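Open the model in your viewer and keep the selection panel at hand. The tour goes from strand to strand, then to a helix, then to a metal site.

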Amino acid sequence: MDKVKVLYVAGFGRSGSTVLANSLGQVPGLFSGGEMNFVWKHAFLENRLCGCGRPLQECPVWSDVFSRAFGGMDGAGAQGIMASMHAGARTRHVGKMLTEKGRNELRPRMEEFLLASEKLYRTIPTVTGDRVIVDSSKEPAYGYAIGMIPSVDLRVLHLVRDPRAAAYSWIKQKQQPDSRDREFMHQKSARDSALLWDAWNAATEALWRNEKKTGSYLRLRYEDFVSDPKTGLRNIFDFIGEPHAELPLTAEAEVRMGVTHTVSGNPNRFDTGAVKLERDDRWKKQMSKRDRNTVTALTAPLLLRYGYPLT
Ligand SMILES: [Zn+2]
C-alpha cells in the first residue's frame with residue numbers, strides 16, 4: 001500500500017504557519033488542508049467556513065472527501081472520533097508518546113480516531129490529485145498521533161517564531177470571521193503564551209528526536225522564511241522529496257495566493273491575490289515592556305537555542 005505523505009507543521013500557534021502552509025498549497029502537487037485537527041468539530045459539528053468561503057459541508061473538495069471516506073457521517077460519528085482523539089492525542093499525553101510502553105497504552109484508546117484519520121488523509125489525494133498534504137495543526141501530540149498511522153509518511157516541519165512576536169499576537173484582540181458564534185479569536189496573556197511556547201517547542205523536539213537523525217524532521221524559523229522565502233521553500237521541497245516543485249513566488253517575498261481549502265487557521269487563510277511575506281515586528285514598538293520582559297525571561301533557554309536575541 002502506498003503511503004500518503006503528510007507535511008506536518010509543528011510548533012506553537014501564531015507562528016506564521018497559515019501563510020507558510022498556504023504558500024506551499026499554491027505549489028502543484030501540494031494540498032494545504034489548514035489546521036486539520038479541527039476538521040471533526042468545524043466540519044461535522046459546526047459546519048464552519050472552508051478557506052474557499054463555503055461552509056465545509058458544501059465545499060466541493062471536502063464534501064467529496066467526506067462522502068468518499070465516511071459516506072454521510074453525522075455529528076454523533078464525529079463526536080465519537082473526537083472523544084477517541086482526546087483520549088490519547090493531547091499535550092498531556094506527550095510523556096506516554098515518548099516510550100514504546102506508553103504508545104502501546106495510547107494506541108487502543110485512539111483506535112477510532114486513528115482509523116478515521118487514516119481514511120481522511122488517504123482520501124484527500126484521491127480527490128485532489130495531490131501528492132503531499134500540508135497540515136498546519138501544529139499541536140505536537142496530534143501530529144505525533146497522525147504519524148502513528150502505518151500508512152502515513154509523516155515529515156515534520158518544526159516552525160519556530162520569536163515568542164515575543166507570538167505573544168503579541170495572542171494578546172491583541174483579533175476578529176474571527178469563520179464562526180457565527182465567536183466574533184474574536186482566542187487570546188492569551190504574555191505569561192501563558194510564553195509557557196505554552198516553551199512546552200510545545202520542547203515537546204516537538206522531544207517527540208521527533210529520532211526523526212532528526214533519519215531526516216524526517218526539519219526546523220525553520222519564520223523570520224528566516226520571510227526574509228528569504230526562496231531558500232526556505234527550496235529546503236522544504238527537498239525535505240518532502242519534491243525537489244523540482246515550482247516556487248509560488250511572484251516577487252522575492254510575495255506569493256500569489258489562490259483559493260485554498262483550509263479547514264481552520266488564522267483568518268489570513270481567506271486572503272487571495274498577491275500576499276507579501278513579512279516579519280511583522282509590531283511587537284517591538286507596541287508590546288509593553290513588562291510583557292516583553294515576562295516572555296523573554298520565561299523562554300530564555302529556547303530563545304538562545306533558536307538564535308534569538310535576549311534584548
Ligand atoms: Zn473549500
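This is a predicted model: local features need pLDDT of at least 70, side-chain atom pairs count only at pLDDT 80 or more; totals for chains, interfaces and linings use all residues.

G34 belongs to the stretch 30–34, which is strand β2. Select the two strands whole: β2 and β3 pair in the parallel sense, over four bridges.

Y8 stands opposite D135 in β3. Now show β1 with β3. Five bridges join these two strands, and they run parallel.

Colour β3, residues 132–138. Is this strand buried or exposed? Seven of its seven residues are buried, so β3 is largely enclosed by the rest of the structure. Check each face in turn. V132, V134, S136 and K138 lie on one side, and they are all buried.

**The whole sheet**

Zoom out and select the strands together. In what order do they lie? The order is β2-β3-β1-β4-β5, in an open sheet of five strands with parallel pairing. The edge strands are β2 (30–34) and β5 (217–221), each pairing on one side only. From one strand to the next, the twist averages 25°.

Select β4, residues 152–160; five bridges join it to β5, and the two run parallel. Pick L157 here: L218 in β5 stands opposite.

Next, select helix α8, residues 140–147. Which strands does α8 lie across? They are β1 (4–11), β3 (132–138) and β4. Relative to β4, helix α8 runs at about 160°.

**A buried alanine**

Move to helix α4, residues 75–86, and select A78 within it. A78 has a relative accessible area of 0%, so it is buried. Which residues does A78 touch, leaving aside those up to four places away in sequence? Show W40, F44, L45 and M73. Draw a C-alpha to C-alpha distance from A78 to F44: it reads 6.3 Å, although the two are 34 residues apart in sequence.

**The zinc site**

Select the zinc ion. Which protein atoms are its donors? They are C50 (SG), C52 (SG), C59 (SG) and H261 (ND1), at 2.1 to 2.4 Å from the ion. Along the chain, the donors follow the spacing C-x1-C-x6-C-x201-H. Draw the angles next. The four donor atoms subtend 96 to 116° around the zinc ion, which makes the arrangement tetrahedral. For reference, the ideal angle for four tetrahedral donors is 109.5 degrees.

C59 is buried, with a relative accessible area of 0%. C52 is at 18% relative accessibility and also counts as buried, because the cut-off is under 20%.

Note on methods. Residues are numbered from 1 along each chain as its sequence is written. Side-chain values use heavy atoms; hydrogens and water are left out. Buried means under 20% relative accessible area, exposed over 50%, partly exposed in between (1.4 Å probe, protein chains only). Two strands pair if DSSP finds at least two bridges between them. Axes are lines fitted to C-alpha atoms, for helices over the stretch in contact, and angles run from 0 to 180 degrees between N-to-C directions. Contact means heavy atoms within 4.5 Å. Donors are N, O and S atoms within 2.8 Å of the metal (3.2 Å for Na, K and Ca); water is not among the atoms, so sites may look incomplete. Four donors count as tetrahedral if all angles lie between 85 and 135 degrees; four count as square planar and six as octahedral if opposite donors are over 155 degrees apart and all others between 65 and 115; anything else is irregular.
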